[in-house]
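Here is a short report on pockets, strand pairing and salt bridges. Please read it beside the sequence and the model.

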Amino acid sequence: KTVETSITFGAVYGNSPNVTITGLVVEKYANPAQHGAIDNRYNNSDAGGENWVIAGNEVRLNHGVGIKVGKNARVEGNNVHHNGQLGIGAVGSGSRFESNEIAYNGQIPFWVDWERGGTKFAKTTNIQLIDNYVHHNDGPGLWADLSAKDMLFADNTVIGNSKAGIYYEISYDAVIRDNYLEGNGFGFDAWLWGGGIVISSSPNVEIYGNTVVNNGDGIGAVEQDRSGDPAPYVPLVISNLYVHHNTVTMSQGVTGVAQDVGNKAVFTSRNNRWENNTYHVGSGNRFEWDNRQISYDVWRGYGLN
């Protein structure tokens, strides 16, 4: 048999500005976790080299992250697949990720709740994720964490990821619109965690125009005590959540809001609204509110729809 090993840290990395990388196949580099085989953060800073364009590449079979960027990058039209930890990651601000295929990443058993799957965006601001095809990653598909702020998830197709399709965790101020999410979350679908869309202890999120089909759960918001995590803007609670004009199809699981902090304010006084959604659900109690699973009629009785 042939046994291959890699020792080179990465393919293209540095912190010079205005670099374009296009038309390459980048494979089998020994980049460690949280570093990209293509990476514009030579010193691992949150900024790195600004204004990189990474377009039209195939990035595969690398140990850590396929592509990771800092500030003001454009990552477009890449095929990022079968990488060990993540397909794409980012820190910093102002980057746009458009029309990438991100598939079969998370090949190495890094702890998934730490960081494994399709993508992860941590401590970012003003990130746009548009028209990406994110499928069959071992972990969340599109994942933001650690005080991400002002994110847009629009027109993405997110299918068959083992955890949540779109996962917005301890972060702020997102719009999640017009995405198609199917078959996600069956690797861990307990207590709303298997949702096509999951919001975790994050305020000011609007979710609309999405089609959510047969995921482990539907659309879920979970409030837990995250007081030990950084909260640079406002407290990390579910507040001002606005879920409207989505279509949710479920044959199992639940849609709604859950908490384990011993405080029902998430249901009563934080301006959390569900309006004008369309549901196609199987029999049973497919909704979660007020610390219990309930039927559609009871859900509507709370003024939710």
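Strand 10 (86-93) gives the largest share of the lining of the largest pocket, four residues. Helix 1 (112-115) and strand 13 (117-130) also supply at least two residues each. Strands (E, at least two residues) and helices (H or I, at least four) are DSSP runs, numbered from the N terminus. This is a predicted model: local features need pLDDT of at least 70, side-chain atom pairs count only at pLDDT 80 or more, and totals for chains, interfaces and linings use all residues. Residues are numbered from 1 along each chain as its sequence is written, and side-chain values use heavy atoms, with hydrogens and water left out.

**Pockets**

A pocket is an open set of points on a 1 Å grid over the protein atoms alone, where a 1.4 Å probe fits, with protein on both sides within 12 Å along at least five of seven lines. Lining residues have an atom within 4 Å of a point. Volume is the space filled by probe spheres set on the points, which are joined across faces, edges and corners.

The largest pocket holds about 300 Å³ of space. Its lining counts 19 residues, and Q34, K68, E115, A122 and L146 lie nearest the centre. By class, this lining has seven nonpolar, four polar and eight charged residues. Nonpolar here means Ala, Val, Leu, Ile, Met, Phe, Trp, Tyr, Cys and Pro; charged means Asp, Glu, Lys and Arg; the others, Gly among them, are polar.

The second largest pocket holds about 170 Å³. It is lined by 13 residues, with D113, K163, Y167, E169 and W193 nearest its centre. Helix 1 and strand 18 are the elements that give two or more residues to this lining. Seven of its residues are nonpolar, two polar and four charged.

**Strand 21**

Is strand 21 (residues 195-200) buried or exposed? Six of its six residues are buried, so the strand is largely enclosed by the rest of the structure. Buried means under 20% relative accessible area, exposed over 50%, and partly exposed in between (1.4 Å probe, protein chains only).

Strand 21 pairs with strand 18 (residues 166-169) in the parallel sense, over four bridges. Two strands pair if DSSP finds at least two bridges between them. In this pairing, E169 stands opposite S200. E169 is also among the residues nearest the centre of the second largest pocket. Strand 21 pairs with strand 24 (residues 217-223) too, again in the parallel sense, over five bridges. There I197 stands opposite I219.

**Salt bridges**

A salt bridge is a side-chain nitrogen of Lys or Arg within 4 Å of a carboxyl oxygen of Asp or Glu. The count by this rule is 18. Three of these pairs are listed below.

| Pair | N to O distance | Relative accessibility |
|---|---|---|
| E58 and R60 | 3.1 Å | E58 21%, R60 23% |
| D138 and R116 | 3.1 Å | D138 33%, R116 11% |
| D229 and R226 | 2.8 Å | D229 24%, R226 17% |

D229 counts as partly exposed, whereas R226 is buried. Salt bridges with shared partners join E27, E58 and R60 into one network. E58 is partly exposed, and R60 is partly exposed.

The side chains of D138 and R116 meet in a salt bridge. This pair links distant parts of the chain, 22 residues apart. D138 sits in the loop between strand 14 (133-135) and strand 15 (142-145), R116 in the loop between helix 1 and strand 13. D138 is partly exposed, but R116 is buried.
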